[in-house]
Amino acid sequence: MNRGDGYQLPLRLAALGFLTVVVQIAAISQVTVFGVSADISPLVVASVGLLAGSLPGAVFGFAVGLFVDLALVQTLGVSSLLLIAIGYGAGRLRELRDPAHGLVPLVVGAAATGLATVGFALMQFLLGVRAPVSWLLLREVVVTILIGSLLALPVYALVRRIVRGSLPQDPRRRRRRAYTTGGLSPLQRPSAGR
Amino acid sequence: MYDKQVRRRRAVLALLVVVSLILLTAYFGESAGSPLHSVQRGVVAVLSPIQDGASRALKPVRDLFGWFGDTARAKTERDQLRKQRDQLLQEVAGYRVAMQENAQLRGVLGVDDSSGLRDYRQHTARVIGRSLDNLVSDRLQLDAGSGDGVRVGDPVIGSGSGPNTGGLIGHISFVGPDYAIVTLITDPSSAVSVRVLDNAGDFGLMKSSVGNPLDLLVQLLPRNAQIQQGDIVVTAGSRSSSLESLYPPNIPVGRVTKADPLELDADQQVHVAPIADLRHLDFAQILTGPASASGQQRAQVTGGAGGP
């Protein structure tokens with residue numbers, strides 16, 4: 001590992017966060033599906049958490065949330081708090097369970113979207129913004145989670161493609177390298193007793 | 001080593017959460033000119049060109065996704081509009097039948113179906129004076145008088161081609177040889193019987209509110225009236241020979257600006273803004289003609305005659 005490798009991940013994450021917010025505000029927020037627009041920022045933060053771990057996930061969530069609040073002229077700190085929780089939670093899931101199932105990003109994306117949507121509404125309510133609690137709101141939350149679930153897998157694949165080369169510890173990459181560079185899998189390895 | 005990593009992770013997490021909470025609290029309690037708001041404005045100013053460029057670049061993508069949504073929405077709207085069209089066709093047919101029956105019955109009963117302004121000649125006059133204090137007395141002076149056929153009690157409406165020039169403005173309360181004094185509907189002594197064009201056509205009495213003449217109050221309304229903001233208010237008028245109204249019916253007067261159900265239930269009133277721009281009138285139209293023949297009698301009844 002040369003000296004520049006240590007900056008690879010932060011640089012890539014910074015570029016990813018900037019692009020995420022700009023694309024979200026300039027394009028995705030302006031497209032509505034069934035009356036709601038998709039929000040890819042919790043999906044990207046959750047993907048970073050799943051790929052890079054809890055600490056990078058939390059820091060990335062904080063930065064993206066702060067950038068979103070600044071760009072949308074919202075109360076600073078609201079999005080940061082929610083995205084910190086999402087990034088950290090996804091990272092802890094990776095660190096504790098290391099789930100390998102292909103649909104894990106979908107489930108995590110749905111949970112992240114739900115947490116972001118409900119959490120944001122709840123925090124606005126706590127800050128005194130009058131929001132009618134109705135079936136319409138509930139329907140919007142459900143549709144938003146569904147759209148987030150649909151986008152979760154492509155967003156995860158894209159984020160993985162962007163940060164793949166700069167991840168310091170990728171368990172799958174480590175396993176793959178072991179098998180493809182001459183190492184034997186545990187099934188093929190002869191037992192010590194023979 | 002592991003403990004150190006855990007402690008570091010938890011410390012960073014706590015730091016991020018604390019910073020977020022500090023930002024939230026500081027921003028929420030600050031005024032619009034505070035440092036955090038200034039930073040935010042600066043970031044938005046820097047980001048705006050980038051967002052503009054990104055928005056232009058991503059427009060085809062937006063349009064593509066928007067096309068799917070628009071197509072689905074257009075189909076839904078088309079179906080709804082077809083249903084509305086069918087309903088309206090049925091209603092139009094019903095209205096036409098009702099209009100024919102109405103005309104026939106009016107002919108049978110010999111009812112006078114002339115409406116409001118058609119009975120009146122209109123004389124245009126220039127505004128040449130205004131009362132100094134519109135809180136106590138809100139009146140105008142016009143350059144037309146008895147020599148022009150103007151009489152006490154004649155209704156006066158706004159004149160001109162602008163959007164806020166029509167509508168009732170008041171009545172003639174004093175007539176000189178070549179001038180006349182108009183008591184505006186915003187004058188504290190003025191009261192106009194009006195009808196609110198809501199679903200029920202509720203009648204009420206319109207007066208100016210204390211301290212804010214341009215905020216008119218329609219009072220004596222039914223407590224359960226279904227009046228909404230934006231409803232038009234017109235003169236009620238009266239065609240009865242025994243109790244003739246000062247104003248012909250159906251002259252637009254104002255638009256409901258506030259219809260609070262609680263206020264309606266407690267005080268039986270709604271708030272109305274006059275249609276005519278009473279503070280910027282240059283001309284006015286005096287409705288003279290057959291209906292003002294008994295103007296002197298009305299002036300005696302209402303006590304409207306007097307100097308400015």
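**Conventions.** I note that this is a predicted model, in which local features need pLDDT of at least 70, side-chain atom pairs count only at pLDDT 80 or more, and totals for chains, interfaces and linings use all residues. Residues are numbered from 1 along each chain as its sequence is written, while chains are lettered from A and ligands numbered from 1 in the order in which they are written.

**Chain A, overall.** I looked up the contacts in chain A between residues at least 6 apart in sequence, and 75% of them join residues at least 24 apart. I then listed the elements, which are DSSP runs numbered from the N terminus (helices: H or I, at least four residues; strands: E, at least two). Chain A has seven helices and two strands, and along the sequence they follow the pattern α-β-β-α-α-α-α-α-α. For burial I count other C-beta atoms within 10 Å of a residue's own, the C-beta atoms being placed from the backbone: 20 or more is buried, 12 or fewer is exposed, and in between is partly exposed. Of the 194 residues in chain A, 40% are buried.

**Nonpolar cores.** I define a nonpolar core as a set of buried Ala, Val, Leu, Ile, Met, Phe, Trp, Tyr and Cys residues joined through C-beta atoms within 7 Å. The largest one holds 53 residues, and V45(A), V48(A), I86(A) and A112(A) touch the most other members. I find that at least two residues each come from helix 1 (5-26), helix 2 (41-52), helix 3 (54-71), helix 4 (78-97), helix 5 (104-126) and helix 6 (135-163) of chain A, and also from helix 1 (2-29) of chain B. Helix 3 of chain A gives the most to this core, with 12 residues. Leaving out residues up to four places away in sequence, I list G57(A), F60(A), G61(A), V64(A), L83(A), I86(A), G87(A) and A112(A) as the residues that V45(A) touches. A second, separate core has 46 residues, including I172(B), L216(B), Y247(B) and L278(B).

**G91(A).** I located G91(A) in helix 4 of chain A. G91(A) counts as buried because it has 26 C-beta neighbours inside 10 Å. From V48(A), G91(A) is 43 residues away in sequence and 7.8 Å away in space, C-alpha to C-alpha. Beyond its neighbours within four places in sequence, G91(A) is in contact with G49(A), A52(A), G53(A), S54(A), L55(A), G57(A) and A58(A).

**Contact between the chains.** I count 26 residues from chain B and 26 residues from chain A in the contact. On the side of chain B that touches chain A, two or more residues each come from helix 1, helix 2 (35-57) and helix 3 (59-109) of chain B. Helix 1 of chain B gives the most to that side, with 11 residues. I sort residues into nonpolar (Ala, Val, Leu, Ile, Met, Phe, Trp, Tyr, Cys and Pro), charged (Asp, Glu, Lys and Arg) and polar (the others, Gly among them). By this scheme the side of chain B that touches chain A divides into 18 nonpolar, six polar and two charged residues.

**Barrels of chain B.** I treat two strands as paired if DSSP finds at least two bridges between them. Six strands of chain B close into a barrel in the order 1-2-5-4-3-12, with antiparallel pairing. Within it I looked up strand 2 (residues 139-142) and strand 5 (residues 180-184) of chain B, which pair in the antiparallel sense over four bridges. Q141(B) has I181(B), in strand 5 of chain B, as its bridge partner. Six strands also close into a barrel in the order 6-7-8-11-10-9 (chain B), again with antiparallel pairing. Here strand 9 (residues 232-235) and strand 10 (residues 252-258) of chain B pair in the antiparallel sense over three bridges, and V233(B) stands opposite G254(B) in strand 10 of chain B.

**Positive phi.** I found D98(A), a residue other than glycine, with phi near 50°, in the loop between helix 4 and helix 5 of chain A. D98(A) is exposed because it has 11 other C-beta atoms within 10 Å. N250(B), also not a glycine, has phi near 70° and is found in the loop between strand 9 and strand 10 of chain B. With 15 other C-beta atoms within 10 Å, N250(B) is partly exposed.

**Confidence.** I read pLDDT as the predictor's confidence in each residue, from 0 to 100. Chain B has a mean pLDDT of 79, and 81% of its residues reach 70 or more. The model scores ipTM 0.79 and pTM 0.53.

Technical notes. Two residues are in contact if their C-beta atoms, placed from the backbone, lie within 7 Å.
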